[in-house]
Amino acid sequence: YFERLNDLVAAPAPIPPLLVSGGPGSGKSLLLSKWIQLQQKHSPNTLILYHFVGRPMSTSSESALIIKRLTLKLMQHSWLVSPLTLDPAKLLEEFPRWLEKLSARHQGSIIIIIDSIDQIQQAEKHMKWLIDPLPVNVRVIVSVNVETCPQAWRLWPTLHLDPLNSKDVKSLITAECNSANVKLTKEQEKKLERHCRSATTCNALYVTLLGKTIACVGNRENIDETLQQCFQCQDTVSLYRLVLRSIQESLQSDKEKGLLREMLCVIGVSHNGVSESELMELYPELSSAALASLVHSLHKMCLLTYGCGLLKFQHLQAWEMVRLEYMEEGENVVSAYRQKLVEYFTMQLRVLILICFSFNSRDQVTWRSADELPWLFQQQGDKQKLRKCLLNLFVSQNLYKRGHFAELLSYWQLVGKDKSSMAAEYFDSLKEYEKSCEGEESMICLADLYETLGRFLKDLGLLSQAVAPLQRSLEIRETALDPDHPRVAQSLHQLAGVYVQWKKFGNAEQLYKQALEISENAYGAEHPRVARELDALATLYQKQNKYEQAEQLRKKSFKIRQKAARQKGSLCGFALLRQRALQLEELTLGKDTPDNARTLNELGVLYYLQNNLETAELFLKRSLEMRERVLGPDHPDCAQSLNNLAALYNEKKLYDKAEELYEKALDIRRRALAPDHPSLAYTVKHLAVLYKKMGKLDKAVPLYELAVEIRQKSFGPKHPSVATALVNLAVLYCQM
């Protein structure tokens, strides 16, 4: 089989996709995963993109998500900077173009592998690009079940996985038995040979399961009895049923058997599986020891596996067996288990609302609730509850941010809402939610929700409706955080992106320039975030045929990205560590020099950015003390150390300490620097924000007025930065 796959890669173009076919459990996924490992080892220049589809109707079978994942992988290997659309239809259109672009630049082959492609939702419709002629150096391999392969694909070259021959059956069962120190007699081996002669009993999964079942038995008499039971099972599903019953018999009480049933059924009706902690919360009587024992047995016998921390069925046949064994009584049983999950994840969302603005808790709860709840309501056909769930802003935000764009749209289509009415409902819901928001953290969270809605509407092509939520997000961040905060730059960038699509290039240019200025102040001129803004401006100039300006910005961006890439290299990292070690050694010796003081300050800032505030405080204090000794207490460098220490105390909510240090820094900078100097503006801004936070509004007013003056002198009276400073002053007057 490996040779056949290798021949495909080496064959001259043009060549259609290779179809790897076989029955369920014939080993298609295993064959492809092992072959990918070999290719990656022996052909490092070959770019391999792969996707393995799990259970039908799971997230792994969503065509838009698959194409998005493959496109992102292609983009990672291309120098081209281009935003990726999330519109499912456009994604499907753009993927072949990306493939064409990269294949023209890539030195080696590109291999795309999609396992169980027939399980993808509407596979023929969404995988049309497979039928088109592929680029010269691109090869595609897809696997399908024989019974469900679309008719149009049956004409492709096919590698069919045959059932195992008698020799392979024997060696596989012997290997399983040897691993458990179980020895079969000649008579038992002959019985097995006579049994494993049909296509279903020579199936790779069937034989594996048979070997594991025999290996679990202790003595010879029990092996004979087990063989007799196995011989009654003529296919994998019935053998799985025997395996499940043997696990049930090993349990000591009816309570444990009941918990096993509950556990498998809940996993069976879920969208993507269930975690161990969720199972223990669903069934409080299930101890961690009992759960560990059950999971071990089910995993060992190929019933369950783990994926993304969730327990799910290892094979489709295991899922089918559980359905037949426990849920054959009808839809009412399935519905009851779905309802149990609905109640559980609904409760999780209520918990989320109680701890609403604890960010870690929100993220932890929501991704599971967002994955499961809408899907469960869809399966139940409950449109009213589905709509209510989608209007829970955290659920929709989570689905969108993780790329489940097509899934979110399909839910709204089921509810019967078009794009415009859906947008209006979201905006109204956010406005209502805003009424309950109080405090800085809740407003920051609200700004995130507005931004997500704006980006979502932009991706839907609803540009006029996208502006309002993005504008509101910008306003909130400017007032709740700070006009020069990096998140304000993010809002400006998103809003500019809408104006670019809308062909309002003048508006977009001003916003991008403002975002660039904030990013440079916040991160420094050589940070990748600055490169992002430069690229955006370059693309904008290119659209306006200002090629010379675009080229200058692209070169600047390229240099920043090149430098950042080099700094990531291990040799560079080692050199930096060595340099830092020498510096720390000098610092330990206690030499008082301006350079050492600067290094201490840099280390303090580094620890501050890593949120290691205690260590940061030590370094910043030592830097300040050294600068005061070497340079004198009125030197501008001392103001820098005071400013950084004040920012740290502000972060620790020690506002009185922060106020004292900011005031000292401002006094030094006012005397030492020009009236429009950026460092003076920085201290003015942060002390003003602190006064506002402490409720000392009378003290804040002259500083906000000074900020307006500084920006007018620096940028001119018509610059957007001046507008931001005026808005901040207006907000302060409103608060007074």
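This is a predicted model: local features need pLDDT of at least 70, side-chain atom pairs count only at pLDDT 80 or more; totals for chains, interfaces and linings use all residues.

Tutor: Happy to! Let us start with a term: a residue counts as buried when its relative accessible area is under 20%. Glu372 has a relative accessible area of 0%, so Glu372 is buried. You will find Glu372 in helix α16, which spans residues 359-380. Setting aside neighbours within four places in sequence, the residues in contact with Glu372 are Ser270, His271, Asn272, Gly273 and Phe345.

Now for your pair of helices. Look for α28, residues 594-609, and α30, residues 636-651. Their axes come within 11 Å and cross at roughly 20°. Angles under 35 degrees count as roughly parallel, and α28 and α30 are therefore roughly parallel to each other. The crossing of α28 past α30 is left-handed. From α28, the contact is made by Asn601, Val605 and Tyr608, while α30 brings Gln640, Ser641, Asn644, Ala647, Leu648 and Glu651. Sorted by class, this contact has four nonpolar residues, four polar ones and one charged one.

Residues 597-630 are 91% helix and 0% strand, with end C-alpha atoms 9 Å apart. Residues 639-672 are 91% helix and 0% strand, and here the end C-alpha atoms are 10 Å apart.

How values were computed:
Residues are numbered from 1 along each chain as its sequence is written. Side-chain values use heavy atoms; hydrogens and water are left out. Axes are lines fitted to C-alpha atoms, for helices over the stretch in contact, and angles run from 0 to 180 degrees between N-to-C directions. Helices (H or I, at least four residues) and strands (E, at least two) are DSSP runs, numbered from the N terminus. Angles under 35 degrees count as roughly parallel, over 145 as roughly antiparallel, 65 to 115 as roughly perpendicular and the rest as oblique. A crossing is left-handed if the near helix is turned anticlockwise from the far one by less than a right angle, and right-handed if clockwise. Contact means heavy atoms within 4.5 Å. Ala, Val, Leu, Ile, Met, Phe, Trp, Tyr, Cys and Pro count as nonpolar, Asp, Glu, Lys and Arg as charged, and the others, Gly among them, as polar. Buried means under 20% relative accessible area, exposed over 50%, partly exposed in between (1.4 Å probe, protein chains only).
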